[in-house]
Amino acid sequence: MAITDDVLVIGGGLAGATAALAAAEHGHRVRLLTYKQSTLRHASGLIDVLGYTLGGDGPLSNPFTALEDLPERHPYSLVGREAVRDALHFFDAVVGDTYAGAHTNVNALVPTSSGSIKPTARYPAAVAPGLASDPRDCLLVGFATLPDFCAPLAADHLLDTGVPFDVRGVTLSFPGIRRDDAKVTRYAHILDRDEGVDIGRGTTSARAALAALVREHLEDEARVGFPPILGDDNHSVVRRDLEERLGVDVFEVPSGPPSLPGMRLEDRLYEALEAAGVRVTTGVPVVGYEATDGRIEHVLVDRKGQDVPYQAGEYVLATGGLVGKGVRSDRDRVYEPIFDCHVDHAPDRYDWFDGDAFGDHPFASFGVTVDDDLRPLTADGGLEFENVRAAGGVLSGYDFAAEKSGSGVSLATGFVAGDRAGAEVSR
């Protein structure tokens, strides 16, 4: 017997979680299926709507003014500018005061761990004191056992961008950690629990030891930036404690994976899913489906070697793009592996790339083509299935890396796909 819900969302990243939450707003039974860890754990935690035009112009001050100029089949063009705004409002309600940026349409300029400046629409509250538009001088602190963030180099790169403040970087030894391969969560948990650490002349608490270490290097700076390791469960307490001990604002500099800001966002979204009554099934792959008269009847999920049918009236496909393996390729073709939806691509694989490493690569926009209702289309423009919508990285028609639009597209299309799936069930 099939496990039955009203709406079934496949994929547990930002697009999938948002789609499930939006569908649940209609009061239906919603289930979210996810196989592997979501890409949120590797994301910066920033919500980028649009940082650059397709022609590379930018960084854009107001992303909404540029949405009107995007191509007709761009995901933002399909859902419309107001839907993008609605999705951001929806996100703001879910994350509450853990995020900032809702007060303005203008992109914030966020320094990254490489010393570049990233335009973004929403950012964790812990990032706010570090914005590049803030004229206050800044000290960046890195740790010898965290080689991914070289604070002196990041500071030099920031100065090269022309930021309106002085910035220095120092590399210190994190109190209590000697291993080069310690996970970032180990740093966070030491600060979360304020563990006792040996400082050579006795034991003291980790936060006190870290503050004393940084204070020796603090000159006239009004703010101090750390890599994103300032606690997990007690993140806001850790940051406030360090601010009180140092007497300056403390912020985190977003960095690459694994990402504690991404993990914190994932935790917040899944707390919201639980509160909304969404059933979450994790660690199981979708391995097949049955369809009748152009509609999905059920999908088959591999549970310990047995194919178990999961049935719903409406489905949302939010499995990610090439990175998330929601779109795959081999030597002969590019394909979508769950429903085998059409993915438009040149027959010759050498046409999938540009000869210039920094050129306009067709593979960057690979994905399923959808209609105005986000339903996947066949090669000749017909509907793949009447009751399937697609959202997020699995969509074609945009280059998230070049545009700096990945999380914004996931949020907007996830919100619209989930909302329309829920509305369809209500009819």
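View 1. L374 is placed in the loop between β20 and β21, helices (H or I, at least four residues) and strands (E, at least two) being DSSP runs numbered from the N terminus. The model is predicted, with local features requiring pLDDT of at least 70 and side-chain atom pairs pLDDT 80 or more, whereas totals for chains, interfaces and linings use all residues. Residues are numbered from 1 along each chain as its sequence is written, and side-chain values use heavy atoms, without hydrogens and water. Although not a glycine, L374 has a positive phi of about 65 degrees. L374 counts as buried because its relative accessibility is 0%, where buried means under 20% relative accessible area, exposed over 50% and partly exposed in between (1.4 Å probe, protein chains only). D340 lies in the loop between β20 (334–335) and β21 (388–390); D340, also not a glycine, has a positive phi of about 55 degrees. With a relative accessible area of 46%, D340 is partly exposed. Most residues other than glycine have a negative phi, and most peptide bonds are trans.

**View 2. The cis peptide bond at P59.** The bond from G58 to P59 is cis, with omega near 5 degrees. P59 belongs to the loop between β3 (30–34) and α2 (63–67).

**View 3. The surroundings of N107.** N107 is found in the loop between β4 (99–100) and β5 (108–111) and is buried, at 8% relative accessibility. Its side chain reaches the backbone oxygen of L60 at 2.9 Å. Neighbours within four places in sequence aside, N107 is in contact (heavy atoms within 4.5 Å) with L50, G51, L60, S61, P63, P119, T120 and A121.

**View 4. V299 in the largest nonpolar core.** Such a core is a set of buried Ala, Val, Leu, Ile, Met, Phe, Trp, Tyr and Cys residues joined through side-chain atoms within 4.5 Å. Of its 80 residues, V299 and F339 touch the most other members. Helix α1 (residues 14–24) gives the most to this core, namely 9 residues. Not counting residues up to four places away in sequence, V299 touches residues including L8, I10, L33, V286, Y310 and F339. Another core, of 32 residues, lies apart from it and includes A188, I190, A211 and L260.

Key. A polar contact is a pair of N or O atoms within 3.5 Å; within protein, one must be able to donate a hydrogen and the other to accept it, and residues adjacent in sequence count only if both atoms are side-chain atoms.
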